[in-house]
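Grab a pencil and work through these exercises with the structure open beside you. Try each task before you peek at its solution.

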Amino acid sequence: SRGRRVRSLSRTLVRRWSRGKPDGAGETRWSRGNQMEQGKPDARGKPDTVTLIPGDGIGPEISSAVMKIFEAAKAPIRWEERNVTAIKGPGGRWMIPPDAKESMDRNKIGLKGPLKTPIAAGHPSMNLLLRKTFDLYANVRPCISIEGYKTPYTNVDLVTIRENTEGEYSGIEHVIVEGVVQSIKLITEDASRRIAEYAFEYARNNQRSSVTAVHKANIMRMSDGLFLRKCREVAEGYKDIKFTEMYLDTVCLNMVQDPTQFDVLVMPNLYGDILSDLCAGLIGGLGVTPSGNIGANGVAIFESVHGTAPDIAGLDMANPTALLLSAVMMLRHMGLHDYGNKIQTACFDTIRDKKVLTKDLGGNSKCSEFTADICRRIQDLD
Amino acid sequence: MINYIYIYIYNTLVTTYRLISMQLITYEMLMLQPPPAKYGGRHTVTLIPGDGIGPELLNHVKEVFRFSCVPVDFEVVHVNSALESEDDINNAITAIRRNGVALKGNIETNHTMAPSVKSRNNLLRTSLDLYANVMHCQSLPGVQTRHKNIDIMIIRENTEGEYSSLEHESVSGVVECLKIITRNNSLRIADYAFRLAREKGRSRVTAVHKANIMKLGDGLFLQCCREVASGYPDITFDSMIVDNTTMQLVSKPQQFDVMVMPNLYGNVVSNVCAGLVGGPGLVPGANYGRDYAVFETATRNTGKSIAGRNIANPTAMLLAGCMMLDHLRLYDYASMIRNAILTTMNETRLHTADIGGQGTTSEVVQSIMRNIQSKGPLTTDL
């Protein structure tokens with residue numbers, strides 16, 4: 001009966017994937033730019049609306065810092081603030097508030113601050129809930145060395161694209177007999193193809209030259225073998241981008257010796273989790289790393305991956321860099337590259353100058369001073 | 001009433017059995033002796049050349065051992081990785097059962113072959129029940145690295161976890177891979193880690209896991225580690241999630257002492273640490289079981305791209321040979337060869353390409369032998 005239960009679970013997952021396919025065979029809508037070409041209502045010139053989820057702890061401060069900077073840059077973005085604390089919906093299942101869901105479905109783009117998961121609240125982690133609600137299947141983390149923030153590694157410029165829905169984190173575990181536990185790692189054709197397609201599209205849209213698939217197919221022959229096969233198939237359609245495959249251990253070994261050899265990395269869930277945090281560590285930690293989650297139906301939520309830091313909340317000491325760089329990622333995703341570059345240049349110049357840095361970057365200025373400096377630089381750039 | 005008495009007796013018996021079996025595990029490990037020397041004081045050791053750089057490096061090991069008059073004879077068993085039949089690897093396993101100790105190069109696994117053709121290295125480890133993989137990463141004084149003063153011992157569970165090779169395709173396009181964690185093996189590896197820490201005078205053991213996501217599997221592993229830790233009050237025990245661990249390793253590796261973890265995280269962490277101390281050519285690794293021990297390089301690379309070009313670094317394989325001599329209780333020979341290797345390592349002109357020099361393998365080996373000749377004891381003294 002355990003075998004039957006497991007099989008029916010897999011069939012449910014297969015059905016769920018096939019429901020979430022984009023319309024038209026092979027057609028994918030990765031950016032608002034594409035949407036506009038297809039004659040969707042958002043015309044150029046009108047400000048785009050973005051759902052803003054400030055989050056908890058230092059979330060509200062860094063969100064307002066980002067809003068101030070965007071105002072200084074005169075970016076055509078209108079913010080819609082929403083709260084995503086879980087509520088119990090009809091049927092007893094936990095869900096995000098309906099106004100938040102409706103806002104995201106309408107705007108398609110979101111920016112999220114850090115969310116806390118209270119331990120005894122009874123509901124699953126908020127990030128997991130968001131992921132399930134919007135089917136956020138790809139987690140993208142560009143890791144670029146920040147010039148003013150010294151780490152032992154220089155000239156890092158790579159992107160990790162991680163499959164975010166299945167793999168080792170499917171959550172299917174059983175106790176077979178007492179003292180023996182089995183965890184199931186699930187790899188499906190559809191999810192692997194989807195993430196591979198996204199990786200190659202991303203590489204093409206961002207002028208990246210190569211995509212490397214990270215796997216352990218020597219040990220997990222069928223599962224990672226399936227993932228690799230799908231990557232190879234998708235690579236056939238993108239001859240302009242170089243495709244290589246590398247074992248996970250070789251990637252780890254080479255990453256800490258010479259990270260400049262990597263460009264775009266695509267991988268299943270667990271390896272992605274480990275590698276994306278490894279790469280974040282190379283450039284200086286989670287406080288300066290941007291991150292984006294891409295979902296089905298054109299939804300994209302960009303977020304900062306650090307914690308809520310309750311000990312410095314409200315003290316104007318937070319570092320808004322992670323959320324700001326995620327917002328820049330969001331601008332690029334929407335096709336507003338000029339604004340994105342302007343804000344990123346101003347931010348990097350401020351950090352390189354080292355005069356107004358927050359405590360975690362090695363200075364002792366306030367968050368508001370840091371923000372004001374960036375705003376001033378943006379206005380000077382104009 | 002009688003039923004309650006029976007249940008009580010049964011529970012007591014079960015608990016007692018568990019306590020006794022735990023003690024038996026420890027007793028067995030204390031009784032682990034290397035095999036007795038045969039044939040006039042000389043040991044026989046199985047040698048598996050493997051693929052890639054394995055054969056040439058093992059030839060150098062044989063050369064250095066013969067030069068130093070080490071009383072070890074090698075029984076060479078070839079394993080052809082291109083064949084699908086398992087006869088070769090079974091012969092190797094029989095030879096290791098006979099001799100008790102082996103020194104091996106890595107056997108290549110062609111991951112485009114059918115899933116029924118399992119990884120030969122994995123087969124060897126599981127058949128001989130080599131449950132502990134031990135790797136000692138130390139910063140070598142002569143090698144330039146980004147981080148200094150690293151001294152980490154990594155103990156990795158070597159037989160189960162994600163490497164169980166149990167995979168099936170339940171529905172077309174959906175593959176499941178099973179990760180097995182058992183109480184017995186987790187207790188065994190945790191006990192090994194703590195005993196080794198105590199023996200080497202280490203103060204802290206860190207368990208690396210992902211129990212926030214894989215609650216049952218890694219949760220069981222963590223629970224077993226905690227149980228064993230309670231029996232070693234002189235050693236501090238803490239735990240860390242694997243993605244945070246990799247982030248900490250690339251920013252502050254000096255904080256780690258001894259680390260214990262399941263199979264896949266062990267693969268990632270050991271490769272990261274090997275990269276931190278200078279690369280795959282410097283670190284030896286050992287696989288210990290109850291009755292057998294197999295020594296190899298820590299990162300298990302075949303090195304196909306540098307095979308036959310005389311540029312591979314022989315240090316890892318030679319140090320693995322020294323670990324084997326320590327296991328055979330030939331301590332004098334081991335320290336003599338090890339000192340010669342470390343002295344050679346200090347000369348930058350003799351560094352091989354992987355650590356940034358231009359020396360060849362043969363130059364390094366000649367230098368080591370010259371060192372042994374000048375510093376080692378005279379043959380009349382041995």
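With 9% relative accessibility, Y192(B) counts as buried, where buried means under 20% relative accessible area, exposed means over 50% and partly exposed is in between (1.4 Å probe, protein chains only). Before you go on, note that this is a predicted model, in which local features need pLDDT of at least 70, side-chain atom pairs count only at pLDDT 80 or more, and totals for chains, interfaces and linings use all residues. Residues are numbered from 1 along each chain as its sequence is written, chains are lettered from A and ligands numbered from 1 in the order in which they are written, and side-chain values use heavy atoms, with hydrogens and water left out.

## Exercise 1: a pair of rings

Work out how the rings of Y131(B) and Y192(B) are arranged.

*Solution.* 
- Step 1: Rings of Phe, Tyr and Trp (its six-membered ring) pair if their centres lie within 6.5 Å; planes under 30 degrees apart count as stacked, over 60 as edge-to-face and the rest as tilted. Over all chains, that rule gives 10 aromatic pairs.
- Step 2: Apply it. The ring centres of Y131(B) and Y192(B) are 6.1 Å apart and the planes stand at 90°, so this pair is edge-to-face.
- Step 3: Y131(B) sits in the loop between α4 (120-127) and β4 of chain B, while Y192(B) belongs to helix α5 (residues 183-199) of chain B, so to speak 61 residues away, and the pair links distant parts of the chain. Helices (H or I, at least four residues) and strands (E, at least two) are DSSP runs, numbered from the N terminus.
- Step 4: Check the surroundings. Y131(B) is buried too, at a relative accessible area of 4%. Ring pairs also tie Y131(B), Y192(B), Y288(B) and F295(B) into a cluster.

## Exercise 2: a sheet in chain B

Find the strand order of the open sheet in chain B and its edge strands.

*Solution.* 
- Step 1: Follow the pairing, remembering that two strands pair if DSSP finds at least two bridges between them. The 10 strands come in the order β2-β1-β3-β12-β11-β4-β5-β10-β8-β9, and the pairing is mixed.
- Step 2: Look at the ends. β2 (72-76) and β9 (236-241) of chain B are the edge strands, as each pairs on one side only.
- Step 3: Zoom in on one pair. Strands β4 (residues 132-138) and β11 (residues 284-288) of chain B run antiparallel and are joined by four bridges. Here V134(B) stands opposite A286(B) in β11(B).

## Exercise 3: an enclosed helix

Why is helix α8 (residues 248-257) of chain A called largely enclosed?

*Solution.* 
- Step 1: Count. Eight of the 10 residues of α8(A) are buried, so the rest of the structure largely encloses this helix.
- Step 2: Name some. Among them are L248(A), V251(A), C252(A) and M255(A).
- Step 3: Zoom out. Of the 382 residues of chain A, 56% count as buried.
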